[in-house]
Amino acid sequence: MQYLDNIIFLILLVAGFGLFGKSLSKIYRNIRLGREINRSDRKPERWETMTRVALGQSRMVKRPIAGILHLFVYVGFVIINIELIEIVVDGIFGTHRFLATIFGHTFYNIFTVTLEVLAILVVIGVVLFFIRRNFYGVKRLTMKELFGWPKNDANWILIIEFALMVAFFSMNAADHQLQGAYAAHPIPGSFPISGILLGWFSGFSEPTLHLIERTAWWFHFIGILFFMNYLYYSKHLHIILAFPSTWYANLDLYGKFNNLDSVTKEIKLMMDPNADPYAAPAEGDIAEAPSKFGAEDVFDLNQVQLLNAYSCTECGRCTSVCPANITGKILSPRLILMKTRDRLEEVGRNIDKNGKFEDDGKKLLNDYITKEELWACTTCNACTEACPVLLDPLSIIFDMRRFLVMEQSAAPQELNLMMTNVENNAAPWQYNQADRLNWAKD
Amino acid sequence: MDFTIKTMAEYAAEGKSPEVLFWVGCAGSFDDRAKKITKAFCKILNKIGVDFAVLGQEESCTGDPAKRAGNEFVFQMMALTNIEVLNAYEVKKIVTACPHCFNTIKNEYPSLGGNFEVIHHTQFLKQLMNEGRLKIEGGAFKGKKITFHDPCYLGRANGEYEAPRMLLEKLDAELVEMKRCKTNGLCCGAGGAQMFKEPEKGNKDINVERTEEALSFEPKIIATGCPFCNTMLTDGVKHFNKNNEVEVKDIVELLAEAEDL
């Protein structure tokens with residue numbers, strides 16, 4: 001029975017990662033429900049952007065307080081994951097502080113000190129984040145649109161991270177006391193923070209210390225597995241998806257909106273005096289599925305837009321700079337992404353249940369995102385400029401407007417008038433094109 | 001105008017081509033306020049002897065408002081027609097006083113077959129100044145407080161923040177920056193075809209919010225580089241009954257004034 005621990009450990013490890021893999025594959029499947037989009041060009045620039053923005057956090061520091069606290073949690077998280085390697089090896093093989101044997105005494109001391117310092121920075125970060133979010137009243141974090149799950153989710157993440165760090169410190173402190181007082185071997189590692197924080201462990205007996213150490217160790221391990229699987233249900237998915245989202249980000253100037261090729265083809269045909277309007281379509285064209293203009297549901301959005309929806313961490317920097325939102329309109333770019341994600345999740349559950357998507361009588365348009373929101377956008381790109389991970393809520397708004405106008409002719413009356421004027425008079429106002437140079441005669 | 005504005009057709013008839021095509025835009029052609037910007041720009045070009053032409057009756061809307069409202073059909077109809085005209089005249093360089101025209105021709109025409117060098121009028125004037133062709137004698141605005149409102153489609157959309165500021169600095173005025181400027185600039189409320197419709201229900205209009213911010217610095221002049229921003233901020237200033245104290249002016253109008261044109 002001496003291997004029982006190791007077996008339980010291995011089962012948990014496999015189950016934890018297996019479940020996580022399953023969640024990821026579901027997300028991957030859902031994202032692929034969107035239209036394909038070619039974003040594999042300019043590869044060096046994409047790697048550079050991802051490194052700078054996702055890995056380097058370059059856009060987070062635009063708001064210095066949130067940026068620095070986030071940096072604590074982020075760097076802490078990344079480095080502390082090296083600890084996970086040690087936990088896994090120790091867990092499977094029943095070793096203790098396996099990395100110490102590899103690193104050697106000095107380097108292992110440096111390693112553990114680094115972890116301790118980062119862990120305490122994480123604690124400071126999450127505690128301040130918690131206070132900021134719940135008591136300090138940062139507007140974008142206390143808006144009505146976050147009530148319910150989004151707010152609880154944010155708090156759960158902070159609580160879990162806090163608990164994991166407490167377990168980490170307890171484990172180190174107990175181990176430190178245990179090794180120092182009872183073990184024959186020299187103490188591997190150096191623990192300045194847990195030594196201070198949990199100095200009261202010094203009076204405990206050997207079995208108690210051992211129990212604390214093991215409990216904290218298991219808590220830490222199971223906590224990590226739990227947290228990993230929690231990601232799927234949480235805005236915290238951004239810790240993974242920020243990377244592909246920045247890699248596949250739109251690299252063009254913000255002002256460059258895409259031109260629909262299907263429309264170009266038709267207009268060129270219309271303008272071509274030699275075109276035969278009754279000609280049978282060319283061989284290749286028949287197979288082409290009749291495409292919809294713009295987006296009515298998640299299936300009409302492209303895969304990067306759906307990836308964006310999953311990557312949004314609901315920080316609300318976009319909404320806080322949106323001129324429409326600032327002046328009290330119901331448009332919130334954050335909510336556009338959140339609703340897209342909600343709808344995509346619903347479609348995913350539908351597929352899980354029925355094997356394929358069965359019409360549920362709902363659409364992203366109207367059932368989730370209203371026309372009023374869509375028409376309030378000034379396309380100013382403040383939202384895309386503000387996003388720390390280069391998400392593009394504006395492109396979703398824009399594609400849905402296209403659907404409203406080109407498929408449903410459902411633009412506000414004044415815009416219909418403007419568009420008719422452009423079409424007939426080549427100006428948004430009802431002036432005669434022949435009068436275009438009248439100003440020169442005044 | 002006390003000099004003649006020549007069209008591309010006239011140049012072509014003479015077998016010549018101008019240094020630059022001035023794309024006037026719909027606002028610049030028809031809107032009474034924006035026409036003043038158009039004229040001020042022409043006066044400056046005329047004074048320094050820049051050989052320029054306009055399309056006149058052959059110009060159409062670039063399609064920007066239709067596109068951003070979601071009507072790709074009308075947009076491309078306009079775009080392809082304009083591109084055909086521009087290509088027929090073998091136009092190489094275009095200057096425009098409207099950031100929406102500028103953005104559309106620069107970014108959205110190339111994939112439809114229209115490849116031109118397009119610059120905003122502030123960029124063009126900056127070029128002329130660097131070449132020594134445009135000289136601004138300061139003085140007229142000495143010590144006057146001016147704040148500049150970044151047009152979204154010049155600034156954030158195309159990354160041009162410097163050219164308008166450089167011109168304003170040459171005026172010797174006291175340039176004050178709003179908190180929301182450059183990449184963080186706040187929209188005037190007209191973009192994305194909002195110019196042509198009533199805003200959605202809210203607490204206040206976007207142009208009022210923006211004007212409020214500008215007025216908090218008690219400027220003499222709010223400078224713009226876009227006919228739509230100009231309209232929105234002028235309305236905003238009127239909203240606060242400040243139209244006797246504060247002027248909303250395009251940068252070229254200020255330059256023309258400085259030169260007493």
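Which residues touch the most other members of the largest nonpolar core? In this predicted model, they are Leu415(A) and Ile94(B), within a core of 149 residues. The largest share of that core, eleven residues, is supplied by helix 6 (residues 149-181) of chain A.

**Nonpolar cores**
- Leaving aside neighbours within four places in sequence, Leu415(A) is in contact with Trp375(A) and, in chain B, with Ala69(B), Ala193(B), Phe196(B) and Lys197(B).

**Interface of chain A and chain B**
- Contacts join 60 residues of chain A to 72 residues of chain B.
- The two chains bury about 5,700 Å² between them, and carbon and sulfur atoms give 65% of this area.
- The interface holds two salt bridges, and 31 residue pairs are in polar contact across it.
- On the side of chain A that touches chain B, helix 10 (261-271) is among the elements that give two or more residues; helix 10 of chain A gives the most, with seven residues.
- One salt bridge joins Arg402(A) and Glu72(B), with the closest N and O atoms 3.0 Å apart.
- Arg402(A) counts as buried because its relative accessibility is 1%, and Glu72(B) counts as buried because its value is 0%.

**Helix 5 of chain B**
- Helix 5 (residues 72-88) of chain B has 17 residues, which at 1.5 Å a residue should span 24 Å; its end C-alpha atoms are 24 Å apart, in agreement.
- Twelve of its 17 residues are buried, so helix 5 of chain B is largely enclosed by the rest of the structure.
- Among these buried residues are Glu72(B), Phe75(B), Met78(B), Asn82(B) and Leu86(B).
- Just after helix 5 of chain B, Glu90(B) adopts a positive phi of about 50°.

**Salt bridges within the chains**
- Over all chains, the structure holds 45 salt bridges.
- Asp297(A) and Arg343(A) form a salt bridge, their closest N and O atoms being 2.9 Å apart.
- Asp297(A) lies in the loop between helix 11 and helix 12 of chain A and Arg343(A) in helix 15 of chain A, so the pair ties together parts 46 residues apart in sequence.
- Both Asp297(A) and Arg343(A) are buried.
- Glu253(B) and Arg33(B) meet in a salt bridge of 2.8 Å, N to O.
- That pair links helix 11 and helix 3 of chain B, with the two residues 220 residues apart.
- At 9% relative accessibility, Glu253(B) counts as buried.
- A network of salt bridges links Arg180(B), Lys204(B), Glu209(B), Arg210(B), Glu212(B) and Glu213(B).

Conventions
Residues numbered from 1 in each chain as written. Chains lettered and ligands numbered in written order. Predicted model: local features only at pLDDT ≥ 70, side-chain atom pairs only at ≥ 80, totals over all residues. Heavy atoms only, no water. Helix = DSSP H or I, 4+ residues; strand = E, 2+ residues; numbered from the N terminus. Expected span 1.5 Å × (residues − 1). Buried < 20%, exposed > 50% of the residue type's maximum accessible area, 1.4 Å probe, protein only. Core = buried A, V, L, I, M, F, W, Y, C linked by side-chain atoms within 4.5 Å. Contact = heavy atoms within 4.5 Å. Buried area = accessible area lost by both parts, 1.4 Å probe. Salt bridge = Lys/Arg side-chain N within 4 Å of Asp/Glu carboxyl O. Polar contact = N/O pair within 3.5 Å; in protein donor to acceptor, adjacent residues only side chain to side chain.
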